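Q: I'd like to go through this model with you, one topic at a time. Could we begin with the charged side chains?
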Amino acid sequence: MTSFSPLGGGRPLVAVLDYGIGNVHSAQKALERSGADAQLTADPEVIGDADGVVLPGVGAFGACMDALRSSCLEQPALDAVASGRPFLGICVGMQMLFDWSEENPGARGLGVIPGTIRWIPTEPLAGPKIPQMQWNRLDVVTPDPLLVGLGEEPWLYFVHSLHGVPNDPAVVVATIEYGTTLNAAFRLDNVFAAQFHPEKSSTTGLALLSNFVEVCARSASTSAVPDNEVSA
């Protein structure tokens, strides 16, 4: 089942995983402004019916993983990724998609993107301050549907002390400069993961979320076409 109708122009259903962390409401409202029927949910059936799924996150890696598992949302999140539907991880939600984090070495991540979340490199007196709490310019290294139309030098808002280091550098689609080059966005098949906060990044962030909603709509439209029509 899907809320998107290719003929009726309905809004694609986007499930925002609600596991008790802080920025779920702002992510939901930004997705609604971007054209989605965005629902905060911990219901596996709603997540299973959604045209796209968003995993937000703020705070500590280990606490967020504990909250996700306590809410029984780890498997629905992994099922959504495995289904091939568009999936978006935001900030710590992005970090949770990796194997583990130096912030909480004993905590196991979702393992969707093989790799590690590492502290931003700093040196006494000379290094950048952490956390980074500022707007920063995104350097797009690989074109991606979610980054289309953001301008030549898109500025996004960051709040973080760590960044993702994937085992395969090819999954990095954008970087930033903050004392050194840091990875800022990733693509692995149907999964897009962003260290920045699109819901706090004004018109540029809303443009990225609108791209995600459009990808969800196209995916839903394609899946709604009978197999005989697709093959024809």
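Q: How many salt bridges does a search of the whole structure find?
A: This is a predicted model, and a search of the whole of it finds six salt bridges.

Q: Which side chain does Glu74 meet in a salt bridge?
A: The side chain of Glu74 meets that of Arg108, with an N to O distance of 3.2 Å. The pair links distant parts of the chain, since Glu74 belongs to helix α4 (residues 74-83) and Arg108 to the loop between β5 and β6 (113-119), 34 residues apart.

Q: And is Glu74 buried or exposed?
A: Glu74 has a relative accessibility of 16%, so it counts as buried, the cut-off for that class being under 20%.

Q: Which residues do salt bridges with shared partners join into one network?
A: Arg69, Glu74 and Arg108 are joined into one network in that way.

Q: What about Glu102, where is its partner?
A: Glu102 forms a salt bridge with Arg118, at 2.7 Å from N to O. Glu102 is in the loop between β5 and β6 while Arg118 is in strand β6, so the pair ties together parts that are 16 residues apart in sequence. Glu102 counts as partly exposed at 25% relative accessibility, and Arg118 is partly exposed as well, with a relative accessible area of 33%.

Q: Switching to aromatics, how many aromatic pairs are there?
A: The count comes to three aromatic pairs. In one of them, the ring centres of Phe98 and Phe186 are 5.3 Å apart and the planes are at 75 degrees, so the pair is edge-to-face.

Q: Why does that pair tie together parts that are apart in sequence?
A: Phe98 lies in strand β5 (residues 98-101) and Phe186 in strand β12 (residues 181-188), so the parts that are tied together are 88 residues apart in sequence. Both Phe98 and Phe186 are buried.

Q: How is the pair of Phe158 and Phe196 arranged, and what is the angle between the planes?
A: Phe158 and Phe196 are edge-to-face, with 5.7 Å from centre to centre and 70 degrees between the planes. Phe158 sits in strand β9 (residues 155-160) and Phe196 in the loop between β13 (191-194) and α6 (202-224), 38 residues apart, and both Phe158 and Phe196 are buried.

Q: Last topic: what volume does the largest pocket have, and which residues lie nearest its centre?
A: The largest pocket has a volume of about 190 Å³. Its lining is made up of 15 residues, with Gly59, Cys91, Val92, Val159 and His160 nearest the centre.

Q: How do the lining residues divide?
A: The lining of the largest pocket divides into six nonpolar, seven polar and two charged residues, and α5 (92-95) and β9 each supply at least two residues of that lining.

Technical notes. Residues numbered from 1 in each chain as written. Predicted model: local features only at pLDDT ≥ 70, side-chain atom pairs only at ≥ 80, totals over all residues. Heavy atoms only, no water. Phe/Tyr/Trp six-rings, centres within 6.5 Å; stacked < 30°, edge-to-face > 60°. Helix = DSSP H or I, 4+ residues; strand = E, 2+ residues; numbered from the N terminus. Buried < 20%, exposed > 50% of the residue type's maximum accessible area, 1.4 Å probe, protein only. 1 Å grid on protein atoms, 1.4 Å probe; cavity = no way out; pocket = protein on both sides within 12 Å on 5 of 7 lines; lining within 4 Å. Points joined across faces, edges and corners; volume = space filled by probe spheres on them. Nonpolar A, V, L, I, M, F, W, Y, C, P; charged D, E, K, R; others polar. Salt bridge = Lys/Arg side-chain N within 4 Å of Asp/Glu carboxyl O.
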